[in-house]
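Please read it with the sequence and the coordinates at hand.

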Amino acid sequence: MNRVVLVGRLTRDPEMRTTASGINQTRFTLAVNRRTPNQNGEREADFISCIAWRGTAEAIAKYLTKGRELAVEGSIRTGSYDAQDGTKRYTTDVVVDNFTFIGSGANSAGTSYQNSSDSSNIATTDISEDPFKDFGDEVALSDDDLPF
């Protein structure tokens, strides 16, 4: 199973482009905080490259800006290409299927978007609801179960 759920902040404004075949694509990077602080007690973040297509790309480019907190759901895709200097470069991206606006200001409601070819599919939802409720039985973990 290749499923990813991330919550982070946009590191810059998303950029939407249209492919030669007329399909919209938006690339952005999420800064996702690590669960535990480093040895100096500082919180570190991973910078995750994300890509959205079609209606999802349009909605992200239209409504989101740098610093905005966002939850995304998607899958990991890897690829490679030959750079201009002749070296092979490898890529890893999260292809976004769904996203939820988080921390939208005055109220605690977020806005969710489910992937479709129509960007009018945006609906308000309550983000206090458990996002993992449909993933099966609850699993209890303690710090002793962690590998680090």
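The numbered points below treat the core, the salt bridges and one backbone feature of this predicted model.

1. The largest nonpolar core comprises 18 residues, and those with the most contacts inside it are Phe 28, Leu 30, Leu 70, Val 72, Val 96 and Phe 99. Two or more residues each come from strand 1, strand 3, strand 4, helix 1, strand 5 and strand 6. Strand 6 gives the largest share, 4 residues.

2. Val 72 deserves a separate look. Leaving aside residues up to four places away in sequence, Val 72 touches Val 4, Val 5, Leu 6, Phe 28, Leu 30, Val 96, Asn 98 and Phe 99.

3. The model has 9 salt bridges. One of them joins Arg 9 and Glu 69, with the closest N and O atoms 3.7 Å apart. Arg 9 belongs to strand 1 and Glu 69 to strand 5, so this pair ties together parts that are 60 residues apart in sequence. Arg 9 is partly exposed at 44% relative accessibility, and Glu 69 is partly exposed at 23%.

4. Arg 34 and Asp 46 also form a salt bridge, at 2.7 Å from N to O. Arg 34 sits in the loop between strand 3 and strand 4, while Asp 46 is in strand 4, so the pair links parts 12 residues apart in sequence.

5. Most residues other than glycine have a negative phi. Arg 54 is found in helix 1, residues 54-63, and is partly exposed at 43% relative accessibility.

Note on methods: Residues are numbered from 1 along each chain as its sequence is written. This is a predicted model: local features need pLDDT of at least 70, side-chain atom pairs count only at pLDDT 80 or more; totals for chains, interfaces and linings use all residues. Side-chain values use heavy atoms; hydrogens and water are left out. Buried means under 20% relative accessible area, exposed over 50%, partly exposed in between (1.4 Å probe, protein chains only). A nonpolar core is a set of buried Ala, Val, Leu, Ile, Met, Phe, Trp, Tyr and Cys residues joined through side-chain atoms within 4.5 Å. Contact means heavy atoms within 4.5 Å. A salt bridge is a side-chain nitrogen of Lys or Arg within 4 Å of a carboxyl oxygen of Asp or Glu.
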